[in-house]
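Here are some friendly notes to read alongside the structure.

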Amino acid sequence: MSSPSVSQAGKQLVIGVDLDGVCADFYSRIREIAAEWFERPIEDLSQDVSYALGEWGLEPGEYDSLHRFAVTERDLFRTVPMIPGARRVLRKLSNEGYRIRIITHRLFIRYFHELAVSQTIHWLDHHGIPYWDLCFMKEKSQVGADIYVEDSPDNVASLRASGNFTICFGNTTNKHIEGPRATTWDEVYDRIKTRPGHEAQMTFDSI
Ligand SMILES: [Mg+2]
């Protein structure tokens, strides 16, 4: 078989795609909602945030309350904007034969899972994101993808430590993370096409 989307063993290659910070512009939407929640001008909330949003003055343990308000009262996962290019590039990869597996840890706070899941599914369809699998998981390496696209610094580090090819989707929370990195979806596509072993695989597949 001559296809870049099939492994040497003839298995369809799976791309594990994170949602928040990769497909969904989580930090811009949570900033709008946080301004409401704090009753502060949005300009007061830095756009140069780290993962725990400490720049906004959130106390340890306070994020959960903001998150609950955002999902249950402001439909966070239904109203978050799509990061440009996600639909187009994922559709292109899907059409090339890669299997798109969405992997998200959106169920990390208890008791409003139905809202979180239903908003997520609605959002994926509304934005035309192609996918066959939808995993709500903390341990992303357990879903067995061949290529990961992820923005959380801890997740990138742990995926790479367990030997997974992981593209770090760049934002202010992960500036310190080494490559391979991408700041646009077109760059994600290029990183997938130039990843180690890709040429050898294509050569093998072409034999
Ligand atoms: Mg993320």
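This is a predicted model: local features need pLDDT of at least 70, side-chain atom pairs count only at pLDDT 80 or more; totals for chains, interfaces and linings use all residues.

1. **Helix α4 and its buried side.** Helix α4 spans residues 86-95, and Ala 86, Leu 90 and Leu 93 are its buried residues. Just after α4 comes Gly 97, with a positive phi of about 110 degrees.

2. **How α4 meets α7.** A pair of packed helices is described by the angle between the axes and the distance between them. For α4 and α7, the axes come within 8 Å and cross at roughly 25 degrees. An angle under 35 degrees counts as roughly parallel, so α4 is roughly parallel to α7. On the α4 side the contact is made by Ala 86, Val 89, Lys 92 and Leu 93, and on the α7 side by Trp 185, Asp 186, Val 188 and Tyr 189. Sorted by type, the residues of this contact are six nonpolar, no polar and two charged.

3. **How α1 meets α2.** Here the packing angle is about 100 degrees, and the axes of α1 and α2 lie 10 Å apart. Angles of 65 to 115 degrees count as roughly perpendicular, and α1 and α2 are therefore roughly perpendicular to each other. From α1, the residues Ile 30, Ile 33, Ala 34 and Trp 37 meet Leu 66, Phe 69, Ala 70 and Arg 74 of α2. This contact of α1 with α2 divides into seven nonpolar residues, no polar ones and one charged.

4. **Glu 32, also in α1.** Glu 32 belongs to helix α1. Is Glu 32 buried or partly exposed? It has 16 other C-beta atoms within 10 Å, so Glu 32 is partly exposed. Its C-alpha atom is separated by 9.7 Å from that of Ala 70, although Glu 32 and Ala 70 are 38 residues apart along the chain.

5. **The largest nonpolar core.** In soluble globular proteins, nonpolar side chains tend to be buried together. The largest nonpolar core in this model has 43 residues, and Ile 15, Val 17, Cys 23 and Val 149 touch the most other members. Helix α1 provides the largest share of this core, with five residues. Take Ile 15 as an example: leaving out residues up to four places away in sequence, Ile 15 touches Leu 93, Tyr 98, Ile 100, Arg 101, Ala 145, Ile 147 and Val 149. Leu 93 in that list is one of the buried residues of α4 from the first point.

6. **Helix α6 and its two sides.** In α6 (residues 153-161), the buried residues are Asn 155, Val 156 and Leu 159. They cover an arc of only 100 degrees around the axis, which means they sit on the same side of α6. The face turned away from that buried side carries the exposed residues Asp 154 and Ala 161. As for what the buried residues of α6 pack against, the partners are β4 (147-150) and β5. After α6 comes Gly 163, with a positive phi near 90 degrees.

7. **Gly 21, a loop residue.** Gly 21 sits in the loop between β1 and α1. With 20 C-beta neighbours inside 10 Å, Gly 21 counts as buried. Apart from neighbours within four places in sequence, its contacts are Phe 26, Tyr 27, Asp 151, Phe 169, Asn 171 and Thr 173. Gly 21 and Met 82 are 61 residues apart along the chain, with their C-alpha atoms separated by 9.5 Å.

8. **Backbone details to look at.** Two residues other than glycine have positive phi values: Glu 39, near 55 degrees, and Tyr 111, near 85 degrees. Glu 39 is in the loop between α1 (26-38) and α2 (63-74), and Tyr 111 is in the loop between β2 (99-104) and α5 (113-126). Glu 39 is exposed, with 6 other C-beta atoms within 10 Å, and Tyr 111 is exposed with 8. Finally, a cis peptide bond with omega of about 5 degrees joins Gly 179 and Pro 180, and Pro 180 lies in the loop between β5 (165-169) and β6 (181-182).

Conventions
Residues are numbered from 1 along each chain as its sequence is written. Helices (H or I, at least four residues) and strands (E, at least two) are DSSP runs, numbered from the N terminus. A residue is buried if 20 or more other C-beta atoms lie within 10 Å of its own, exposed if 12 or fewer, and partly exposed in between; C-beta atoms are placed from the backbone. A nonpolar core is a set of buried Ala, Val, Leu, Ile, Met, Phe, Trp, Tyr and Cys residues joined through C-beta atoms within 7 Å. Two residues are in contact if their C-beta atoms, placed from the backbone, lie within 7 Å. Axes are lines fitted to C-alpha atoms, for helices over the stretch in contact, and angles run from 0 to 180 degrees between N-to-C directions. Angles under 35 degrees count as roughly parallel, over 145 as roughly antiparallel, 65 to 115 as roughly perpendicular and the rest as oblique. Ala, Val, Leu, Ile, Met, Phe, Trp, Tyr, Cys and Pro count as nonpolar, Asp, Glu, Lys and Arg as charged, and the others, Gly among them, as polar. The arc is that of the directions from the helix axis to the C-beta atoms.
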